[in-house]
Amino acid sequence: MPRKLRMGMVGGGKDAFIGAIHRLAANMDGQIELVCGALSINPTIAQESGEMLYLPKDRIYLTYDEMITKEAALPADKRMDFVTIVTPNFAHFAPAMMALEHGFHVVIEKPITFTLEEAKKLKAVVAETGLTLCLTHTYSGYPMVKQAKAMVADGALGKIRKVWVEYPQGWLSKLSEREGNAQAAWRTDPKKSGKSGSMGDIGTHAAHLAEYITGAQITKLCADLNTKVEGRLLDDDGSVLLHFSNGASGVLMASQVAAGEENALKIRVYGEKGGLEWAQMEPNTLIVKWLEAPMQILRAGANYTDRLSSFATSNCRTPGGHPEGYLEAFANIYKNFTATVQAKIDGTTPTKEQLDFPGVEDGIRGMAFIDNVVASAQSDLKWTEYKI
């Protein structure tokens, strides 16, 4: 009988931001139910958070290893199907590895792990077990990002020549990590966030978006990283020149000290015949610029479905003119992940549209991006070969 998938969560308690986002997104299509959680390293917060979410008392766990061990011992029709991990970066690998080893599918908030080597170890276990790992690179869930990818893949723009992608934020323009901002505190701490700040936090999103839309991979880069706020331990600003496997060149900028900016992720892709432009703060719109024809504006949810790809239309939720944003993009990733896992349970084959969500390979490339950017920024060489 068809049923909802049962989700467990590691992290994401009442004092967290991203946990609630994941729960909202997972709940949007009615295909998932939260059945258990180890919601905080603080036992009191873990207990209170579980009670606030009306979890059964015996399925509110105080540690992730207790949760995974006890859930694995439950009957198949009771135990969770997958684990969502929404802890800070340094606490991704251990619960993900343990979950996979106990037979559970995994959803991880990006970046996938703390180091590239950890990501490679997860890949090996995913390959060995045949389980599904989903990485929430949220922006690939937007319908018009999927439309852009489809148009590039179909050759509508011709050979791709140039990519500009930028991600300016302003929320770290002050030393907020020492002013009681918990999000700032762990994201700027190298022991919790990793070897890069802004480039690891949001630059990886920009790099993933560029590779996702173009279908090409970064092969060389030349990076400049800066720490603009005095006293900060990690970079809060950076720029990267890029070479791609399809011969295109690119520019990537990520800054969290662009005072006044909110979440202004934007990408432009140019080919021989024209270009595409998409901005996260106006996500329902895809601007198409032609070399020898008037500019077009394509809109998510519009009734000209013959001009939109199946990847775009299968991820639109409302009629044209009804804004779909961050939560819906997040939910699209969960929807496609859920359909893929359900197909494995049922012994059927998911569609190519359902398989369109970030996974372990995207996670490895994200960690490699961080390593390569930091290495390039510390090198005297102009260009650095992209190593994985």
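Guide: Let us take the words one by one and set each value against its cut-off. Please keep in mind that this is a predicted model.

Visitor: Which residues of α3 and α4 meet?

Guide: From α3 come Tyr64, Asp65, Ile68 and Thr69, and from α4 come Ala94, Pro95, Met98 and Ala99. Sorted by kind, this contact has six nonpolar residues, one polar and one charged.

Visitor: And what makes α6 and α9 oblique?

Guide: Here the angle is about 45°, with the axes 7 Å apart. Roughly parallel needs an angle under 35 degrees and roughly perpendicular needs 65 to 115, so α6 and α9 count as oblique. On the α6 side the contact is made by Val145, Lys146, Ala148, Lys149 and Val152, and on the α9 side by Leu209, Tyr212, Ile213 and Thr214. Six of the residues in this contact of α6 with α9 are nonpolar, one is polar and two are charged.

Visitor: How do you know that lysine 149 sits over the ring of tyrosine 212?

Guide: The charged end of lysine 149 is 4.6 Å from the centre of that ring. The distance has to be within 6 Å, and the charge must also be within 35 degrees of the ring normal. Lysine 162 is placed over the face of tryptophan 164 too, at 5.3 Å from the ring centre.

Visitor: What makes α6 mostly covered?

Guide: Nine of the eleven residues in α6 are buried. Among them are Pro143, Met144, Lys146 and Gln147. After α6 comes glycine 155, with a positive phi near 80°.

Visitor: Now to the rings. How many aromatic pairs does the whole structure have?

Guide: The search finds seven. One of them joins tyrosine 139 and tyrosine 167, with 5.9 Å from centre to centre and 80° between the planes.

Visitor: Why is the pair of tyrosine 139 and tyrosine 167 called edge-to-face?

Guide: Two steps are needed. Ring centres must lie within 6.5 Å to pair, and planes over 60 degrees apart count as edge-to-face; with 5.9 Å and 80°, tyrosine 139 and tyrosine 167 pass both. Tyrosine 139 is in the loop between β5 and α6 while tyrosine 167 is in strand β6, so the pair ties together parts 28 residues apart in sequence. Ring pairs also link Tyr139, Tyr142, Tyr167 and Trp278 into a cluster.

Visitor: Are tyrosine 139 and tyrosine 167 buried or exposed?

Guide: Buried means under 20% relative accessible area. Tyrosine 139 has 5%, so it counts as buried, and tyrosine 167, with 1%, is buried as well.

Visitor: What makes tyrosine 326 partly exposed?

Guide: Its relative accessible area is 27%. Under 20% would be buried and over 50% exposed, so tyrosine 326 falls in between and is partly exposed. Phenylalanine 330, at 0%, counts as buried. Tyrosine 326 and phenylalanine 330 both belong to helix α11, four residues apart, about one turn of the helix.

Visitor: How do you know that valine 83 is buried?

Guide: The relative accessibility of valine 83 is 0%, and the cut-off is under 20%. Valine 83 is found in strand β3. Beyond its neighbours in sequence, the contacts of valine 83 include Gly8, Val10, Met67 and His105. Valine 83 and histidine 105 are 22 residues apart in sequence, yet their C-alpha atoms are 6.4 Å apart.

Visitor: Why is tyrosine 54 called exposed?

Guide: Exposed means over 50% relative accessible area, and tyrosine 54 reaches 75%, so it counts as exposed. Tyrosine 54 lies in the loop between α2 and α3.

Visitor: What is the phi of tyrosine 54?

Guide: Tyrosine 54 has a positive phi of about 60°, although it is not a glycine. Most residues other than glycine have a negative phi, and most peptide bonds are trans.

Visitor: Where is there a cis peptide bond?

Guide: A cis bond joins lysine 110 and proline 111, with omega about -5°. Proline 111 is in the loop between β4 and α5.

Methods: Residues are numbered from 1 along each chain as its sequence is written. This is a predicted model: local features need pLDDT of at least 70, side-chain atom pairs count only at pLDDT 80 or more; totals for chains, interfaces and linings use all residues. Side-chain values use heavy atoms; hydrogens and water are left out. Contact means heavy atoms within 4.5 Å. Helices (H or I, at least four residues) and strands (E, at least two) are DSSP runs, numbered from the N terminus. Ala, Val, Leu, Ile, Met, Phe, Trp, Tyr, Cys and Pro count as nonpolar, Asp, Glu, Lys and Arg as charged, and the others, Gly among them, as polar. Rings of Phe, Tyr and Trp (its six-membered ring) pair if their centres lie within 6.5 Å; planes under 30 degrees apart count as stacked, over 60 as edge-to-face and the rest as tilted. Buried means under 20% relative accessible area, exposed over 50%, partly exposed in between (1.4 Å probe, protein chains only). Axes are lines fitted to C-alpha atoms, for helices over the stretch in contact, and angles run from 0 to 180 degrees between N-to-C directions. Angles under 35 degrees count as roughly parallel, over 145 as roughly antiparallel, 65 to 115 as roughly perpendicular and the rest as oblique. Lists of a residue's contacts leave out its neighbours within four places in sequence.
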